[in-house]
Amino acid sequence: ITHLQQIYRETLFNVDLPIAGIEMLTDEEKNRLLYEFNDNATGLSIGKSLCHFFTHQVDQAPWRVIISFNEDQVTSLHLSRLVEGLVRMLRKNGIGPDCPVAILMERSPLMMIGIMAAWKAEGAYIPIGAEYPWQRIRTILDDSRAKVLLTQTIYIDPQLEENYQGNIIRLDNIRLSELSHPGTGVEKDREIDQYSLAYIIY
């Protein structure tokens with residue numbers, strides 16, 4: 001009834017108003033929809049990186065499932081250990097501030113591990129579609145000068161192994177227990193702020 005009354009008011013006091021211009025919502029309802037319902041301001045700290053908030057989440061709820069993919073479920077603590085294991089490997093391969101890390105794999109928990117590890121190693125990830133032709137993949141790798149390629153065995157072909165000058169890490173060939181072995185944590189997180197390079201898109 002309120003909306004019908006609003007339509008009556010609109011048409012009575014604006015006889016030349018086109019149908020498309022009739023407002024069905026009252027000013028109070030519009031204010032509620034546009035401002036009250038969308039009041040989603042948060043208290044995020046300025047200058048903190050996503051890795052910082054992820055680490056905080058691990059401390060607050062280590063056993064909470066953070067990734068659910070098909071039948072696989074990964075808790076925040078388990079993901080943290082897997083990421084830290086890969087961070088060690090990336091740093092040993094020279095990944096540091098704003099260094100590109102190419103990622104060529106299917107969407108899966110492994111991809112999430114790769115992205116998070118690139119960030120925690122202070123690098124930036126480069127997504128490469130598995131459907132890209134070899135020449136495009138080679139162009140991306142050459143142009144970005146990525147020192148490391150994170151991938152899966154099914155995406156490795158002789159041309160890639162022969163022409164890529166960086167190090168190839170096959171995540172599906174690494175036992176997850178090797179990455180998540182307890183007691184092998186990385187050094188304290190380095191300083192990563194909101195101005196650090198996060199990703200490179202081709």
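This text goes through a sheet in a predicted model and then turns to helices.

The sheet is open and has four strands in the order β4-β3-β5-β6, with parallel pairing. Strands of a sheet pair through backbone hydrogen bonds, either parallel or antiparallel. At the edges stand β4 (124-127) and β6 (167-170); each has a single partner strand, so one side of each is left without a neighbour in the sheet. From one strand to the next, the twist averages 25°.

One pairing can be followed more closely. Strand β3, residues 100-104, pairs with β4 in the parallel sense over four bridges. Here Ile-103 stands opposite Pro-127 in β4.

A helix also belongs to this part of the picture. Helix α6 (residues 134-144) lies across β3, β4 and β5 (148-151). Relative to β3, helix α6 runs at about 165°.

Next comes a pair of helices. Helix α4 covers residues 76-92 and helix α5 covers residues 109-120. They pack at an angle of about 55°, and their axes are 8 Å apart. On the α4 side, the contact is made by Leu-79, Leu-82, Val-83, Glu-84, Leu-86, Val-87, Leu-90 and Arg-91. Helix α5 contributes Ile-113, Gly-114, Met-116, Ala-117, Ala-118 and Lys-120. Sorted by class, the contact of α4 with α5 has 10 nonpolar, one polar and three charged residues.

Definitions and conventions. Residues numbered from 1 in each chain as written. Predicted model: local features only at pLDDT ≥ 70, side-chain atom pairs only at ≥ 80, totals over all residues. Heavy atoms only, no water. Axes fitted to C-alpha atoms, helices over the stretch in contact; angles between N-to-C directions. Helix = DSSP H or I, 4+ residues; strand = E, 2+ residues; numbered from the N terminus. Contact = heavy atoms within 4.5 Å. Nonpolar A, V, L, I, M, F, W, Y, C, P; charged D, E, K, R; others polar. Pairing = 2+ DSSP bridges.
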